[in-house]
Amino acid sequence: MTTLIDLRSDTVSRPSDGMRQAMATAEVGDDVFGDDPTVIELEQRAARLIGKEAAVYVPSGTMANLVSVLTHTHPGEEILLGDQSHIFQYELGGAARLGGLITRTLTNNEDGSLEVAAISAAIRTENLHSPGSTLLCLENTHNRCGGAAIPAETIDELCAAAHEHGLRVHLDGARVFNAAAALGVPAARITRDCDSVSFCLSKGLGCPVGSLVCGPAEFIERARRNRKMLGGGMRQAGILAAAGLYAFEHNVERLAEDHTHARLLADGLRELGPFRPNHPQTNIVVADVVRGNLNDWLAALQREGVLAVAFGAQRIRLVTHINISREDVDDVLGRVQRAVGAVAV
Ligand SMILES: Cc1ncc(COP(=O)(O)O)c(C=O)c1O
């Protein structure tokens, strides 16, 4: 039987034996009472890595973004964000539904960035008729822009444009360590001018669950209350946090391997013909299907034991991760070649 090669996302990876061992032996307390030593250590280390004063551990990237947005804003205010951003595309309008916020989208450039001029033009000052714009949300790496790693200097400029008008900036850094690896700078350099940063342990870092929100100590204290309100206060969460501490030690340096694998995968797909893949900077391959129907391709790939997801009307996404080896990439390309024969083009 052919083994399944799962490239739907970097969230599908399984915790390694070493990580499971660290989880099994974690010292725990009750994190809502603030006395789980493993969670405390994870939060302190996360804050240091991102270059902020403090951090709070939350169950998911979606909750990390929502907690951040709620903590920065008041109902009735307006937030600016990219039209391709995860917060806008995939988080079910939580900012509007639970935060009472107007979400105003700006067109993302192909490299995941936004135009400074577009930010300045969109910002509204509060008056009798208009809501005030109070928050800009950025994303790095940028998922829908093919895992683009946005240079630190670009993030600096976008932050400056927002700060100049009194807006704060939240960075959805779900994959910020991938950005750091691709750009060859510490994550804290990328996040330097952002007021808050979220990042995920459950993606390239290979943990089963968990994200962190990082920012100034006073902000994180208020974020902790919003986490509790959303039901994200967990108890003996040290069992989960231990996976994060393990990942900081073992799974950050290796992210560059996933990027190499993604490049090899994209190069191979390009040669096969029916796909026009991006030139991935990180671990996300997005490929336009230029011949044949997207659903036929996904089905044919699945029959060959390769899992990918639809990422637009004629676009697929394949993501490399800690469980995908160089041999798997070659294997995937062989399977895709076999699938080529099965799809009417
Ligand atoms: C850029 C980005 N932000 C946030 C999230 C949300 O993370 P979670 O699935 O843990 O809620 C994702 C998930 O894929 C993501 O890609």
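**Rings, cores and a ligand site**

Okay, let me start with two phenylalanines: F177 and F248 are both buried, and by buried I mean under 20% relative accessible area, with exposed being over 50% and partly exposed in between, using a 1.4 Å probe and protein chains only.

Quick housekeeping. This is a predicted model, so local features need pLDDT of at least 70 and side-chain atom pairs count only at pLDDT 80 or more, while totals for chains, interfaces and linings use all residues. Residues are numbered from 1 along each chain as its sequence is written, and side-chain values use heavy atoms, with hydrogens and water left out.

So, rings. I pair Phe, Tyr and Trp rings (the six-membered one for Trp) when their centres lie within 6.5 Å; planes under 30 degrees apart are stacked, over 60 edge-to-face, and the rest tilted. By that rule we get four aromatic pairs. F177 and F248 have ring centres 6.5 Å apart and planes at 55°, so that pair is tilted. F177 sits in helix 8 (residues 176-183) and F248 in helix 11 (residues 238-250), so the pair ties together parts that are 71 residues apart in sequence. Helices here are DSSP runs of H or I, at least four residues, and strands are runs of E, at least two, numbered from the N terminus. Ring pairs also bring in F199, giving a cluster of F177, F199 and F248.

Next, F275 and W297. They make a tilted pair, 4.7 Å centre to centre with 55° between the planes. F275 is in strand 9 (residues 275-277) and W297 in helix 13 (residues 294-303), so this one ties together parts 22 residues apart in sequence. Both F275 and W297 are buried.

Now the cores. A nonpolar core is a set of buried Ala, Val, Leu, Ile, Met, Phe, Trp, Tyr and Cys residues joined through side-chain atoms within 4.5 Å. In soluble globular proteins, nonpolar side chains tend to be buried together. Here, the largest core has 50 residues, and F199 turns up again among those with the most contacts inside it, along with I119, L136, L138, L201 and L212. A second, separate core has 27 residues, and W297 is one of them.

What lies around the ligand? Taking near as a heavy atom within 4 Å, the residues are S60, G61, T62, N65, H86, E91, E139, N143, D172, A174, R175 and K203. For polar contacts I use N or O pairs within 3.5 Å; within protein, one must be able to donate a hydrogen and the other to accept it, and sequence neighbours count only if both atoms are side-chain atoms. A polar side-chain atom of D172 is 2.7 Å from a ligand nitrogen. K203 puts a polar side-chain atom 2.8 Å from a ligand oxygen, and a polar backbone atom of G61 is 2.8 Å from an oxygen of the ligand.

Last stop: helix 10, where R227 lies. Buried or exposed, this arginine R227? R227 is buried, at 4% relative accessible area. A polar atom of its side chain lies 2.6 Å from the backbone oxygen of Y57. Further along, M234 is in the loop between helix 10 (217-229) and helix 11, partly exposed at 22%. With contact meaning heavy atoms within 4.5 Å, M234 touches residues including D31, Y57 and V58, and R227 touches D31, Y57 and V58 among others.

Key:
Lists of a residue's contacts leave out its neighbours within four places in sequence.
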